[in-house]
Number of protein chains: 2
Amino acid sequence: MAPPSAIDIVHVADNMDTVIPGPLTVKGVPARRAKSGKFVGGTAALGDSDFFKGPDTGKPKAKRWDHYLSVESKSRQPSSLKGAAKYLNTPGLISLGGGLPCSEYFPIEELTLKVPSPPHFSEKQTKQSGTIVKAGKYDISEGKSAYDLSVALNYGMGTGSPQLIRWVTEHTEIVNNPPYADWQCALTVGTSSALEQAYRMFCERGDYVLSEEYTFSSAVETALPLGIKFLGIKMDSEGLLPESMDDILSNWDEKARGARKPHVLYTVPTGQNPSGATQGVARRQAIYLVAQKHDIYILEDEPYYFLQMQPHTGPDTPDVPPPATNDAFLNALMPTYVSMDIDGRVMRMDSFSKVVAPGSRVGWITASEQIVERFVRHNESSNQNPSGISQMVLFKLLDESWGHDGYLQWLRNLRLEYTRRRDIIIAACEKHLPQEIVSWNPPAAGMFLWLKLNWQLHPAASSKSISEIEEELFLSAVGQGVLISRGSWFTAERSNFIPHDMFFRATFAAATEEKMTEAIERFGVAVRSCFGLE
Amino acid sequence: MAPPSAIDIVHVADNMDTVIPGPLTVKGVPARRAKSGKFVGGTAALGDSDFFKGPDTGKPKAKRWDHYLSVESKSRQPSSLKGAAKYLNTPGLISLGGGLPCSEYFPIEELTLKVPSPPHFSEKQTKQSGTIVKAGKYDISEGKSAYDLSVALNYGMGTGSPQLIRWVTEHTEIVNNPPYADWQCALTVGTSSALEQAYRMFCERGDYVLSEEYTFSSAVETALPLGIKFLGIKMDSEGLLPESMDDILSNWDEKARGARKPHVLYTVPTGQNPSGATQGVARRQAIYLVAQKHDIYILEDEPYYFLQMQPHTGPDTPDVPPPATNDAFLNALMPTYVSMDIDGRVMRMDSFSKVVAPGSRVGWITASEQIVERFVRHNESSNQNPSGISQMVLFKLLDESWGHDGYLQWLRNLRLEYTRRRDIIIAACEKHLPQEIVSWNPPAAGMFLWLKLNWQLHPAASSKSISEIEEELFLSAVGQGVLISRGSWFTAERSNFIPHDMFFRATFAAATEEKMTEAIERFGVAVRSCFGLE
């Protein structure tokens, strides 16, 4: 072999130029992939984040959570059949072991998608000049792709496919770069399911889970049949109050409460459902400190994270210019809990539902290795892993077609769409709602406007309960032709909770802009009628 | 209006001709659909079997199972947000209620599939002359299809979409025609998940579930962390023995067992995993009678139901001609438990995994209205419903492209493929295995050959345990380059079980035919070597 020439040296230097030693960036992805070696993505291949993560130079390992794991979770054993998978690496081995059907009998030869070509994201542009992406049955062996239908249509492992795990791991590192060494990702069949699994993993019947005073009603209703109650923490316009959380925990009386001190916090930090509140940086840090003080495990539910909008300026003030680049966009995002999680006390739940499509039924968790392992054991004996067809569609869209760069462009476009929609509903509220009765904070993220009703001005305020007046207004709104959610549906506590305020939640995600404005107008009529204003 | 003319009367008579008053047949489907009125399949539309079932003339209603429902299941309440859905039928209503994203932001404009054109099912034929089926975003409003991407990519209801519920309800009625009035179907994200939900619905910690002595290991391993143990019933070549089941139940001693008398039977009646056994008609009837006698609820897990093969004839006997028509095929199938279930004591779990593709993560249950309702409440707060993308792919394949007729043709083709594969593995066993050591029954259904080892002939039979010899043979087989599953992985009871026999399970589903034969040859070498035959 010839000695290295100057050209070789230049070549090496070139390579080193693209190797990013710090946190992963979009630009660093190709070098990272090249460095991680041959990608193994065949039938039921292991989808392990560790294959795709960066070197964890100097990061501490996560704390262990054995003291909080439920009897159920602790007793989960690896599947005996899946345990035999280790022998599958033996060269030349023929398996008569697992009952995996032969791909010959999968009746889908090709799957083709038409998707937007960044940055032309509108439906009209996609119709005219969308990109066609195609998945064949044997693309892997034919060298056409890292994923194919023969693999996606067969059984997979409980983590999800390595094809999609690679993408979510890279995305998570780019966005969150968790500050401990042994973080991992695993796919979920959506956050509703991940949350149910988390309850079963961390709680026993009789336990309390802490959350915002008003919270995602399904989170509460998923917990209740499991014998788990929610306990609401007081909120302001930035969401839950750390002092109130500390107060509840510091003064916990097991006997009076009939339950051990809570050890789990469920929170939606960004564009909270239903209040629309977004926790600021200082708020997040303060809450994390309280969690450390009381050794609380945090379930971070972040479906609306990328729907952080432009500041609301109102009709007479010019719009603030949006971030001009993906980097500027990433820098402008709120820090996530998992990004400040030096203890590994956070399970972050990400979802494609609000930013790609709910029908994919694919999301993912990010947590420490111990927690991800327990979660995956549960996957193996329940939902197994998300639909391979969904995983294929997301892979073709996010990895092969858009890449991380295109996806961030998509998110930037989407947040501007939501900004526009929010501004329309707020303009409608300003125009059509009686502001002596109805008030609101323009949300900085998410899909929801939280309307506070000055119910004390209702003519029957002294004789009727808040709940009765809320129901009257709800039905009056339906009578006017608008469905708007009652605030009481979102109370964390379903018994012994005495509301002091009255709220309604309106979404600006679903209806067309004209309909949205008309709906608010109708709601205005209902409010005026109920409150005897005309 | 003109009085009815003779032509009108003829027209009515024509219509009546196609209305099938008896059980639904494939030919009766168009008339049934026409009769069921306008199909409603928009965003989050209700998928209720009752819309699509035939008239239940004279059938009794199912028994109620309140006495068996778990604390968890009994306490499930309908979701408050989903409860508001009833107002969505109000004409002209605008919803600001649910946080459903606008379909404008779903980045998939078109999805196209290439699928086999019945009866040309081979990969080669599909490549050359497959059918192209296309799903657009707004096919419903454009009058092109009953299902579109704007719906499939959004949230759905806990039953699954009406598009696919219609298909599985019709299919279930054609195949099973349950003999009680209030049966329904609901989609699942696969049977592993449905089974976990069923355990949580019917059992408490400490309960026993009955099953075959050797059973699907994941069924056991899913139950164990929930505190539920399996109790094995003795088996013969037709699977579990009703007398043994009756004996266990008649002599149940709560104190000695430390548990209440079991009330749930888990069974795989057809092509049982791992034994390959198929219960005959009389066996099924006898088991159902025992279930009635002891008020047992039956979980009927039937992934291999349509893999009922042609009789095994051996090399020197001509093949039995397969059923020539779909009707003959349906008539030749074993009766299912749900088809004889006059009490409504069966939850049948169907799966697309073995007959279409495991990666779809879609299956369905059939059970009484009470049980389906509880199951759907659980769906709503966990996996919600299967991937809409999977549902769309199955709808395009099964409903729009193949129809019931084409699907039955597909199943007939598939069972012949499995018949061929079974005959190949048996020929290989006859040729390569020492029959004084290894014996088997040719399976009548499924994917598995259950090999019995005459372990008493092992040179160390008097000094080593069955388990040690089993392990030695397993590792010897791996050493020879074949992975074959150990029988002990499939024992229903994981402690206190003393095996008398030694088994290995080989699947004929996965490997190519050449590899399968080679694998059996290798296993033969391993057996001979372990048993000191050469």
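Predicted model: local features only at pLDDT ≥ 70, side-chain atom pairs only at ≥ 80, totals over all residues.
Residues are numbered from 1 along each chain as its sequence is written, chains are lettered from A in the order in which they are written, and side-chain values use heavy atoms, with hydrogens and water left out.

The interface involves 109 residues of chain A in contact with 109 residues of chain B (contact: heavy atoms within 4.5 Å). The buried area is about 9000 Å², 60% of which is given by carbon and sulfur atoms; this area is the accessible area (1.4 Å probe) lost by two parts on being put together, summed over both. Between the chains, 4 salt bridges are counted (a side-chain nitrogen of Lys or Arg within 4 Å of a carboxyl oxygen of Asp or Glu). Glu123(B) forms a salt bridge with Lys137(A), with the closest N and O atoms 2.8 Å apart. On the side of chain A that touches chain B, helix 15 (residues 388-432) of chain A contributes the largest share, 12 residues. Helices (H or I, at least four residues) and strands (E, at least two) are DSSP runs, numbered from the N terminus.

Strands of both chains contribute to an open sheet of 4 strands, ordered 3(A)-2(A)-2(B)-3(B), with antiparallel pairing (pairing requires at least two DSSP bridges between two strands). Its edges are strand 3 (131-136) of chain A and strand 3 (131-136) of chain B, each of which pairs on one side only. Strand 2 (residues 110-115) of chain A and strand 2 (residues 110-115) of chain B are joined in the antiparallel sense by 5 bridges, and Glu110(A) has Lys114(B) as its bridge partner. A parallel pairing over 2 bridges links strand 15 (residues 482-483) of chain A to strand 1 (residues 94-95) of chain B, where Leu483(A) stands opposite Ser95(B).

Within chain B, 4 strands form an open antiparallel sheet in the order 13-14-17-16. Strand 13 (438-439) and strand 16 (485-486) of chain B are the edge strands. Strand 13 of chain B pairs with strand 14 (residues 448-453) of chain B over 2 bridges, and Ser439(B) has Lys452(B) as its bridge partner in strand 14 of chain B. Helix 15 (residues 388-432) of chain B packs on this sheet, touching strand 14 and strand 17 (502-507) of chain B, and its direction makes about 20 degrees with that of strand 14 of chain B. Axes are lines fitted to C-alpha atoms, for helices over the stretch in contact, with angles from 0 to 180 degrees between N-to-C directions.
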